[in-house]
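Hello,

Here is the structure I promised to pass on. Please have a look at it first, and then read my notes below.

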Amino acid sequence: MHAFDVLGDPVRRRILDLLADGELSSGDVTAVVRAEFGISQPAVSQHLRVLRENGFTTVRAEGTRRLYAVDPAPLREIDGWLDRYRRFWTGPLDALATELARGKRERRLAAEHAGNAEPGDAEEAG
């Protein structure tokens with residue numbers, strides 16, 4: 001299965017989001033996914049299996065629990081593939097960051113100017 005086929009499913013993407021913060025038991029993952037997507041425990045287990053079999057997660061036993069974690073290797077492969085396309089959004093994102101910084105600076109200067117105004121200045125200006 002191709003990486004984008006695996007990640008094309010919103011349930012599997014959500015599972016990876018959950019695991020991105022650290023290792024979780026299959027029960028913890030199942031509880032969240034069932035609440036958010038309304039699917040059965042066997043369906044969640046199937047999604048976990050697809051992620052594991054395609055290398056996106058690892059699993060280890062701890063007593064009777066199965067603990068899942070993200071395996072970053074396939075994500076690095078996707079990141080490498082995306083390198084070719086980054087030029088399409090890097091420039092626009094840099095421009096957006098510049099505009100946001102400019103707006104923040106203008107608001108800060110306006111607030112500083114307003115804070116330095118004398119109480120009667122607004123009445124004299126008007």
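What follows is a short tour of the aromatic rings, a surface patch and the sheet.

A word on the basis first: this is a predicted model, in which local features need pLDDT of at least 70 and side-chain atom pairs count only at pLDDT 80 or more, while totals for chains, interfaces and linings use all residues. Residues are numbered from 1 along each chain as its sequence is written, and side-chain values use heavy atoms, with hydrogens and water left out.

Let's start with the rings. Searching the whole structure gives two aromatic pairs (rings of Phe, Tyr and Trp, the last by its six-membered ring, pair if their centres lie within 6.5 Å; planes under 30 degrees apart are stacked, over 60 edge-to-face, and the rest tilted). Phe4 and Trp81 form an edge-to-face pair, because their ring centres are 5.1 Å apart and their planes stand at 65°. This pair links distant parts of the chain, 77 residues apart: Phe4 is in helix α1 (residues 3-7) and Trp81 in helix α5 (residues 73-82). Helices (H or I, at least four residues) and strands (E, at least two) are DSSP runs, numbered from the N terminus.

Trp81 also pairs with Tyr85; the centres are 4.9 Å apart and the planes at 40°, so this pair is tilted. How accessible is Phe4? Phe4 is partly exposed at 36% relative accessibility, as are Trp81 at 46% and Tyr85 at 26%. (Buried means under 20% relative accessible area, exposed over 50%, and partly exposed in between, with a 1.4 Å probe and protein chains only.)

Next, the surface. Phe88, in helix α6 (residues 87-116), is exposed, with a relative accessible area of 52%. Together with Trp89, Leu93, Leu96 and Leu100, Phe88 makes a nonpolar surface patch of about 520 Å².

Finally, the sheet. Three strands form an open sheet in the order β1-β3-β2, with antiparallel pairing (two strands pair if DSSP finds at least two bridges between them). β1 (24-25) and β2 (57-62) are at the edges with a single partner strand each, so one side of each has no neighbour in the sheet. Six antiparallel bridges pair β2 with β3 (residues 65-70), and Ala61 stands opposite Arg66 in β3.

Enjoy exploring!

Best wishes

Technical notes:
Patches are made of residues with over 30% relative accessible area and no salt bridge: like charges are joined within 9 Å, nonpolar side chains (Val, Leu, Ile, Met, Phe, Trp, Tyr) within 5 Å. Accessible areas come from the Shrake-Rupley method with a 1.4 Å probe; for residues, only the protein chains shown count as cover. A salt bridge is a side-chain nitrogen of Lys or Arg within 4 Å of a carboxyl oxygen of Asp or Glu.
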